[in-house]
Amino acid sequence: MHEIHYEAPTSLEQAVGILAKHGDSARPICGGTDLLIQMRAGVRRPHYVVDVKHIAALTGIAFDPKSGLRLGAAAPCIEIFENATLRRHYPGLVEAAHLIGSLQIQSRASVGGNLCNGSPAADTTPALIALGAVARLVGPKGERQVKVEEFVVSPGRTVIQPGELLVELLIPPPPPHSADAYIRFIPRNEMDIAVVGIGAAITLEGDRCTAARIGMGAVAPTPLFAAKASQALVGKKFDAVAIENAAQLAIEQASPIDDMRGTAEFRRHLVGVLTRRTLERAAERARRN
Amino acid sequence: MAKRTLVETVINNEPVELLCEPRQSLLEVLRDELHMTGTKEGCLTGDCGACTILVDGRPVCSCLMLGVEAQGHKLETIEGLATGAELHPLQRKFLEHASLQCGICTPGFLMSAKALLDKIPRPTEAEVRYHLAGNLCRCTGYDKIVRAVLDAARESG
Ligand SMILES: Cc1cc2nc3c(=O)[nH]c(=O)nc-3n(C[C@@H](O)[C@@H](O)[C@H](O)COP(=O)(O)OP(=O)(O)OC[C@H]3O[C@@H](n4cnc5c(N)ncnc54)[C@H](O)[C@@H]3O)c2cc1C
Ligand code: FES
Ligand code: FES
């Protein structure tokens with residue numbers, strides 16, 4: 001690996017100061033499970049590596065029933081799935097975090113890094129989109145908030161500007177009778193990248209769906225919010241016909257490619273199957289809430 | 001050569017101060033600076049688990065951590081598993097069950113298994129397989145490794 005300078009600021013102000021000063025030649029590091037591999041391969045060559053794990057706002061996980069979840073960008077996946085409150089309120093996000101790599105990877109990898117890396121196949125991103133998560137960024141010009149579905153602009157590129165830092169993800173509290181779920185397809189049981197991943201969050205009042213959001217991964221150059229499929233469910237009876245209709249609308253929105261993991265045709269098929277299954281899993285959970 | 005950075009850490013319960021370059025992985029620091037060569041290098045991409053050590057009790061791939069990131073953390077490596085000449089029960093059971101052939105994967109498996117037994121003293125077979133999913137072995141076919149871990153748990157639990 002090339003020579004680097006390492007900085008470990010303990011405050012947001014310091015971190016933004018260092019990032020702003022060095023612009024494109026600086027990069028934050030959370031778990032390093034993407035960044036260090038990319039640096040070793042020479043794909044990214046930052047001169048300054050800024051370790052953001054010593055900043056409280058980036059490592060905290062705080063849930064409040066009224067305001068929801070503040071998930072620090074650098075909190076490792078293991079702290080998400082070992083957190084009983086999150087397992088209770090955001091089981092879909094937890095299952096996505098628990099799918100990333102092995103336990104060794106989950107001890108380091110963060111949801112913030114998963115999003116900032118900008119992969120269309122990042123597992124936690126569709127789960128965040130389903131939950132209506134918002135990314136809070138801080139930079140030299142101040143602070144701004146970006147919806148997660150607008151965060152990734154092309155494979156490997158995000159809205160983050162030089163000097164900016166993703167501080168945390170803001171996730172609304174789950175409404176009564178709601179729940180989320182995430183399911184991906186991979187050709188084996190562990191340790192692979194999603195061929196397709198679908199996240200869903202729904203609210204049921206009796207047999208009626210009153211809110212729904214579906215997020216899709218690995219079906220387009222960026223993770224997507226399946227707006228039409230989600231809206232089609234709202235206000236309707238939640239039954240097999242409604243689920244099938246949503247699945248068809250999700251397939252229409254997907255624009256997958258052929259690659260070594262699967263053909264575009266297979267991916268479209270998977271979007272249908274996984275949209276149905278994820279909605280059913282979320283609904284089963286919602287009925288218990 | 002780049003400026004070397006002072007890192008204060010605890011390795012196998014001993015306070016250790018070391019100097020390393022910021023670009024060096026923790027794996028390189030262990031092997032090349034501290035000459036603790038028990039931790040192995042396989043893929044350098046987080047896939048094989050040969051470089052597994054414990055950081056604050058959690059299994060991590062030391063190839064995916066910078067040495068400087070060890071500052072202030074507690075590390076456990078394969079060198080700390082035995083007590084003097086007395087092998088750890090996991091090590092003994094790996095020998096009894098013939099759970100290794102070439103041995104390159106073994107330190108990583110032992111550290112992952114230790115993390116598991118520290119957390120779940122009497123794991124099920126499914127739990128053992130799940131916790132070892134980040135470690136690859138090209139020789140044994142895994143079954144003997146799983147049996148050794150279950151046996152070690154039975155004996156100490
Ligand atoms: C063996 C292996 C298996 C994997 N399996 C999966 C899988 O199944 N599913 C999956 O989705 N992913 C998988 N991954 C990738 C996954 O580990 C990463 O995407 C991880 O979530 C990234 O988080 P991190 O904390 O390690 O990020 P880092 O590597 O530290 O950072 C990732 C990128 O984001 C930038 N960045 C980090 N933090 C910030 C911030 N706060 N603000 C701005 N920019 C920031 C960094 O500069 C870097 O470019 C796997 C990786 C490995 C090595
Ligand atoms: S060498 Fe670190 S996981 Fe393979
Ligand atoms: S014993 Fe040879 S790789 Fe496991």
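Guide: Two strands are said to pair if DSSP finds at least two bridges between them. Strands and helices are themselves DSSP runs, numbered from the N terminus, where a strand is a run of E with at least two residues and a helix a run of H or I with at least four. What you see is a predicted model, in which local features need pLDDT of at least 70 and side-chain atom pairs count only at pLDDT 80 or more, while totals for chains, interfaces and linings use all residues. Residues are numbered from 1 along each chain as its sequence is written, chains are lettered from A and ligands numbered from 1 in the order in which they are written, and side-chain values use heavy atoms, with hydrogens and water left out.

Let us begin with strand 1 of chain A, which pairs with strand 3 (residues 48-51) of chain A in the parallel sense, over 3 bridges. Within this pairing, His5(A) stands opposite Tyr48(A) of strand 3. Both strands belong to an open sheet of 3 strands in chain A, whose order is 1-3-2 and whose pairing is parallel. Strand 1 (5-7) and strand 2 (26-29) of chain A stand at the edges of this sheet, and because each has a single partner strand, one side of each is left without a neighbour in the sheet. Neighbouring strands here are turned by 25° against each other on average, with direction ignored; such angles come from axes, which are lines fitted to C-alpha atoms, for helices over the stretch in contact, and they run from 0 to 180 degrees between N-to-C directions. Helix 1 of chain A packs on the sheet, touching strand 1, strand 2 and strand 3 of chain A, and the direction of this helix makes about 145° with that of strand 2 of chain A. Contact, in this account, means heavy atoms within 4.5 Å.

Helix 1 (residues 12-22) of chain A also leads us to the next sheet, for this helix lies across strand 6 and strand 10 (165-171) of chain A, running at about 130° to strand 10 of chain A. The two strands are part of an open sheet of 5 strands in chain A, which has the order 4-5-10-6-7 and antiparallel pairing. Strand 4 (61-64) and strand 7 (142-147) of chain A are the edge strands, each of them pairing on one side only. In this sheet, neighbouring strands are turned by 20° against each other on average, again with direction ignored.

At one end of the strand order, strand 6 (residues 134-139) and strand 7 of chain A pair in the antiparallel sense over 6 bridges, and the bridge partner of Leu137(A) in strand 7 of chain A is Arg144(A). At the other end of the order, 4 bridges join strand 4 of chain A to strand 5 (residues 68-72) of chain A, and the two strands run antiparallel. Here Ile61(A) stands opposite Leu71(A) of strand 5 of chain A. With 3 residues between them, strand 4 and strand 5 of chain A form a hairpin.

Over all chains, the structure holds 3 aromatic pairs, where rings of Phe, Tyr and Trp (its six-membered ring) pair if their centres lie within 6.5 Å, and planes under 30 degrees apart count as stacked, over 60 as edge-to-face and the rest as tilted. The rings of Phe63(A) and Tyr90(A) have centres 5.9 Å apart and planes at 80°, so this pair is edge-to-face. Since Phe63(A) lies in strand 4 of chain A, and Tyr90(A) in the loop between helix 5 (84-89) and helix 6 (91-97) of chain A, the pair ties together parts that are 27 residues apart in sequence.

Strand 1 (residues 5-11) and strand 2 (residues 14-20) of chain B pair in the antiparallel sense over 7 bridges, and Val10(B) has Pro15(B) of strand 2 of chain B as its bridge partner. These two strands of chain B form a hairpin with 2 residues between them, and in the turn Asn12(B) has a positive phi of about 50°.
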